[in-house]
Amino acid sequence: MLHWIQYIRGYVTIKVWGYSTERFLNLCGNHDILVWDIVDHGGYTTMNISVKGFFALRPLLKKTGTKASVLKRYGLPFFMSKMQRRKIFVAGFAGCMIFWMLMSQFIWNIRIEGNYTLTQDVLLDYLEDKGIRVSMQKKRLDIAKLESSLREDYDVITWTSVQLKGTTLLISIKENEMPSYDRNDQAAKTEGMDLTASRAGTVSYIITRSGVPQAALGDAVEKGDILVSGAVPVYNEDTTIRRYQFVRSDADIRLQYPESISVKRDILYEEKVYSGRQKKMFMLGTKDKEWDLRWGSINYENYDISGEKKQVRLLDNLYLPIYYGEKTVQEYDMVKRRHTEEEMNEIMREEWNKIISTLEEKGVQIIEKNVTIKKNSTNWVLNAQMQLEESAVSLVPTATQPVENGDGADGEGTEQAGAAQ
Amino acid sequence: MESLKLPKDTMLGASIVTITGDREAFIENYKGIIEYTTESIVLQGKNRRICFEGKRLSIDYYTNEDMKISGSIEAVRYV
């Protein structure tokens with residue numbers, strides 16, 4: 001406490017020497033000038049004295065024939081006068097503090113953890129709709145409301161935790177790991193579903209598990225044709241239809257169809273050749289805007305810019321809406337080249353492999369193929385005539401209407417779906 | 001005088017010296033400083049002088065009424 005008072009009022013360490021230091025000390029006591037930490041150094045004595053006391057010393061020094069000089073100054077009054085000489089420094093320091101205080105009122109970063117099926121973008125868009133975005137004020141965020149609305153609006157989210165860490169909004173979620181309950185599946189049980197051809201072709205394989213097959217092996221079908229009907233008729237004794245029993249059709253069906261693909265590749269091509277000349281520049285900006293800081297202008301005809309953007313952050317979670325980074329501008333020239341025969345062969349092989357792998361990805365089987373390559377002076381053309389086989393069916397609600405007069409009392413529908421081939 | 005039970009220091013002007021271990025001495029009711037070096041501090045009481053002897057003696061603070069001495073005190077003598 002005493003130290004604080006001394007610091008605020010200011011004090012100096014002085015060195016006193018001369019004829020009679022003891023007399024000087026006695027006079028200080030008599031004049032109520034407080035001195036402390038008096039240390040004798042042999043030839044002279046040092047002591048601390050308040051600023052006010054120091055200015056009252058002059059007559060005492062004269063009387064006792066001693067001399068005094070200031071060794072060190074302590075306290076707020078000296079600090080303040082020092083700071084007055086450094087106005088810009090003080091203003092900068094104060095400005096910096098104000099800047100940090102203002103900036104820490106906002107959210108500058110949103111981090112989402114624990115999402116697997118919901119993508120970052122989906123959740124960020126959702127937050128945006130709720131008015132939660134980077135650069136919003138922290139106090140306008142209702143954490144409890146956000147937590148509960150996340151759980152309400154997404155069925156897969158079973159647990160949420162929203163935290164504010166510094167200027168970062170941290171959203172942790174847990175998704176339901178159990179497969180979601182499909183409501184459509186339930187509905188499908190009560191109404192019939194047909195299997196239709198999703199493209200034109202010839203039926204090359206058909207095994208029906210439920211439903212009534214409408215197409216036989218070898219039949220040519222058009223897109224949209226019903227292959228298996230989900231309406232199983234229940235007959236009266238006179239072979240008229242009494243009513244329909246609706247089932248979800250299930251069958252393995254494969255359709256064969258011809259397909260031709262042609263790929264053209266030029267022998268001439270342009271290639272980027274980097275000249276080795278490059279420039280570095282510094283980038284500064286916000287989330288959406290960028291300013292490049294560089295010396296001079298870019299006089300390259302063609303150039304690539306590559307770089308990295310980083311967000312300014314203090315400590316772990318205190319992000320600021322300022323981005324920085326370094327960019328490299330590389331000059332290149334477009335050079336015309338000719339592929340050699342071997343290169344063209346390689347390219348064509350790659351193209352063919354690409355075609356095969358895309359077909360395989362779709363689950364399409366190649367039954368027959370006839371590949372030819374036509375060579376020109378300027379380009380090569382790959383022609384592929386293929387016979388493909390694919391399980392091209394789609395499940396649609398049945399178009400068959402229930403029979404009007406059909407009463408429900410039919411006993412258990414023991415009629416089974418017919419199976420062909 | 002005894003029967004009044006008045007404090008002796010105010011009545012007689014006697015000095016009170018409180019010594020804590022051999023490191024600190026606290027003196028009340030003294031008149032002035034006669035001598036001050038690191039080896040000895042001599043104070044003027046009402047009738048006699050009080051002499052502190054030791055090593056590395058320094059005055060922590062003093063006012064008109066009291067003072068505090070610190071250092072390694074070896075002897076206190078009344079002269």
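# A tour of the two-chain model

Start at helix 2 of chain A. Its buried residues are covered by elements that include strand 1 (11-18), strand 2, strand 3 (45-50), helix 4 (58-64) and strand 4 (66-74) of chain A, together with strand 3 of chain B. Keep in mind that this is a predicted model. The predictor gives the complex an ipTM of 0.81 and a pTM of 0.40.

## Stop 1: helix 2 of chain A

Select residues 21-30 of chain A. Which residues of helix 2 are buried? Show the side chains of A:Thr21, A:Phe24, A:Leu25, A:Asn26 and A:Cys28.

Step on to A:Asp32, which follows helix 2 of chain A. A:Asp32 sits in the loop between helix 2 and strand 2 of chain A. Is A:Asp32 buried or exposed? A:Asp32 counts as exposed, because it has 10 C-beta neighbours inside 10 Å and the cut-off for exposed is 12 or fewer.

## Stop 2: where chain B meets chain A

Colour by chain and select the contacts. Here 14 residues of chain B are in contact with 12 residues of chain A. Which elements of chain B give two or more residues to this side? They are strand 3 (32-36) and strand 5 (49-62) of chain B. The residues on the chain B side divide into 6 nonpolar, 6 polar and 2 charged.

Next, select strand 2 (residues 35-40) of chain A with strand 5 of chain B. The two run antiparallel and are joined by 4 bridges. For a landmark, centre on A:Ile38; its bridge partner in strand 5 of chain B is B:Ile59.

Stay on strand 5 of chain B and select B:Arg56, which is found in that strand. Its phi is near 50°, a positive value in a residue other than glycine. Is B:Arg56 buried or exposed? B:Arg56 is exposed, because 11 other C-beta atoms lie within 10 Å.

## Stop 3: chain B as a whole

Chain B has 1 helix and 6 strands. From the N terminus on, the order is α-β-β-β-β-β-β. Of the 79 residues in chain B, 22% are buried. Among contacts in chain B with a separation of 6 or more, 32% come from residues 24 or more positions apart.

Now colour by pLDDT. Chain B averages 87, and 92% of the residues score at least 70. Where is confidence lowest in chain B? Look at helix 1 (residues 8-12), with a mean of 71; the highest in chain B is strand 2 (residues 24-28), at 93. Where pLDDT is low, the predicted coordinates should not be read in detail.

## Stop 4

Strand 10 of chain A is joined to strand 12 of chain A by 2 bridges, and the two run antiparallel. Centre on A:Pro213, which stands opposite A:Val228 in strand 12. Strand 12 (residues 226-229) then pairs with strand 8 of chain A over 2 bridges, in the antiparallel sense.

Move to strand 8 (residues 193-197) of chain A. Strand 8 pairs with strand 22 of chain A in the antiparallel sense over 5 bridges. Pick A:Thr196. Opposite A:Thr196 stand A:Ile226 in strand 12 of chain A and A:Ser394 in strand 22 of chain A.

## Stop 5

The 4 strands make an open sheet in the order 17-16-19-18, with antiparallel pairing. The edges are strand 17 (290-293) and strand 18 (303-314), each pairing on one side only.

Zoom in on strand 16 (residues 268-285) and strand 19 (residues 318-338) of chain A. How many bridges hold this pair? Strands 16 and 19 pair in the antiparallel sense over 15 bridges. To finish, select A:Glu271; its bridge partner in strand 19 of chain A is A:Val335.

Note on methods:
Residues numbered from 1 in each chain as written. Chains lettered and ligands numbered in written order. Predicted model: local features only at pLDDT ≥ 70, side-chain atom pairs only at ≥ 80, totals over all residues. Contact = placed C-beta atoms within 7 Å. Nonpolar A, V, L, I, M, F, W, Y, C, P; charged D, E, K, R; others polar. Pairing = 2+ DSSP bridges. Buried ≥ 20, exposed ≤ 12 C-beta atoms within 10 Å, placed from the backbone. pLDDT = per-residue confidence, 0-100.
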